[in-house]
Amino acid sequence: MGFKKIHIIDMDTIELSNLNRQFLFRKNDIGLSKAKCAVEFVNKRVPGCEAVAHHCSIQDMDEGFYRQFHIVVCGLDSIVARRWLNGMLMSLLQYNDDRTLDQSSVIPLVDGGTEGFKGNARVILPGMSACIECTLDLYPPQKTFPLCTIANTPRLPEHCVEYVKVLQWGKENPWGSSTTLDGDDPQHVAWVYEKAQERAMKYGITSVTYRLTQGVLKNIIPAVASTNAAIAAACATEVFKLASSCCINMNNYMVLNMSDGLYTYTFNAERRQDCVACSNSTRTMEIDCNATLQAIYDKLCEDRGYLMKSPALMKNQFESCEIDIEVRTQLKDTYAEK
């Protein structure tokens, strides 16, 4: 398509399972950096291309790094990472004296994600269209199991793995109490797998496998090559539209479902006027005047409209039952003072 200056960030290394769903990698690439292998392939395949690899996390790069790009494309594997990148691009926006957006500071974000035979692609124009925070309630909550179920009445193989992960690891950890369970460490995974099998046999549960154990420990979701290809094609198309202005961009959220037949639908996700990221306004959160500080903290973390990660609360002033609280979230301090 003519894009010859591309920077790729990926902190992962290639595993055997990647060969089933990601097209650039081969068996002799196992154990190497994904970013470096992809860049080497692209530079070799496309004469004159200047692809650059960064084997690190997106948070390792500063504002100056992201400011140099015209378009940012992401296929991240977590909501937290998407929110961070969304916040970074929001922090780069500049406003005129009359508080209107300086559109020359807008860096479009093209985002794609898949799970099994389902996927989505979207175009985000920071400060102009709905951002990640505006549509936060569209993301499903992370799958968890009630503690009483996994401890007393396990019914699924996942319950057995979760029991070892949450309870048994802390009691019996053979590597010492200070060692944190690492889902990427084969020894840790093997130990959890063995203990989960023992518990499953006790309750007559079958199908506890090593792969299932890895999936529960790392919250792995299924990936299908055909879904990845369809969403990648949609994202590439939108990037070309943005760069060439050959036609109007997707407006602005596309969903794909290939579970039963083929279904796709595009709709206009609207901005929230009180969005904590892309609006110039503050959001009011209503709470009971008898609520404890812990209740406020839990609401900020669990409410579908906030979903903050490790917020810190500081009391500014106290008046009767009205408390003004400043919330700082670790996602991006420069934009999240609301």
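Against which strands do the buried residues of α1 pack? They pack against β1 (5-9) and β2. Before the details, some ground rules. This is a predicted model, where local features need pLDDT of at least 70, side-chain atom pairs count only at pLDDT 80 or more, and totals for chains, interfaces and linings use all residues. Residues are numbered from 1 along each chain as its sequence is written, and side-chain values use heavy atoms, with hydrogens and water left out.

**Whole chain**

Show everything as a cartoon. The chain has 9 helices and 11 strands. Helices (H or I, at least four residues) and strands (E, at least two) are DSSP runs, numbered from the N terminus. Of the 338 residues, 38% count as buried. Buried means under 20% relative accessible area, exposed over 50%, and partly exposed in between (1.4 Å probe, protein chains only). Contact means heavy atoms within 4.5 Å. Take the contacts between residues at least 6 apart in sequence: 53% of them join residues at least 24 apart.

**Stop 1: helix α1**

Select residues 34-45. This is α1, with 12 residues. From first C-alpha to last it reaches 16 Å, close to the 16 Å expected at 1.5 Å a residue. The expected span is 1.5 Å times one less than the number of residues. Now colour K34, A35, C37, A38 and V39: these are the buried residues of α1.

**Stop 2: H54**

Select H54 in strand β2 (residues 50-54). Is H54 buried or exposed? H54 counts as buried because its relative accessibility is 15%. Show its surroundings. Leaving out residues up to four places away in sequence, H54 touches H7, I8, I9, D10, A35, M61 and F65. A35 is also one of the buried residues of α1.

Draw a distance from H54 to I8, C-alpha to C-alpha. The two are 46 residues apart in sequence and 6.0 Å apart in space. Next, show side chains for H54 and H7. They make a polar contact at 2.9 Å. A polar contact is a pair of N or O atoms within 3.5 Å; within protein, one must be able to donate a hydrogen and the other to accept it, and residues adjacent in sequence count only if both atoms are side-chain atoms.

**Stop 3: helices α5, α6 and α7**

Select 157-172 for α5, 186-202 for α6 and 210-218 for α7. Axes are lines fitted to C-alpha atoms, for helices over the stretch in contact, and angles run from 0 to 180 degrees between N-to-C directions. Angles under 35 degrees count as roughly parallel, over 145 as roughly antiparallel, 65 to 115 as roughly perpendicular and the rest as oblique.

- α5 with α7: the angle is about 60° and the axes are 10 Å apart. That makes the pair oblique. P157, E158, V161, E162 and K165 of α5 meet L212, T213, V216 and L217 of α7.
- α5 with α6: the angle is about 110° and the axes are 9 Å apart. These two are therefore roughly perpendicular. Residues of α5 in the contact include W169, which lists alongside C160 and Y163; the α6 side includes W191 and R199.
- α6 with α7: the angle is about 110°, with axes 9 Å apart. That makes α6 roughly perpendicular to α7. P186, V189, A190, V192 and Y193 of α6 touch Y210, T213, Q214 and L217 of α7.

Stay on α7 and pick G215. G215 is buried, at 17% relative accessible area. G215 and V161 are 54 residues apart in sequence and 9.7 Å apart in space, C-alpha to C-alpha.

**Stop 4**

Most residues other than glycine have a negative phi, and most peptide bonds are trans.

Go to S207, in the loop between α6 and α7. Its phi is positive, about 75°, although S207 is not a glycine. S207 is exposed, with 54% relative accessible area.

Move to S245, in the loop between α8 and β8. Phi of S245 is near 55°, again a positive value in a residue other than glycine. S245 is exposed too, at 61%.

Finish at N252, in the loop between α8 (225-244) and β8 (253-257). What is the peptide bond from N251 to N252, cis or trans? The bond is cis, with omega near -15°.
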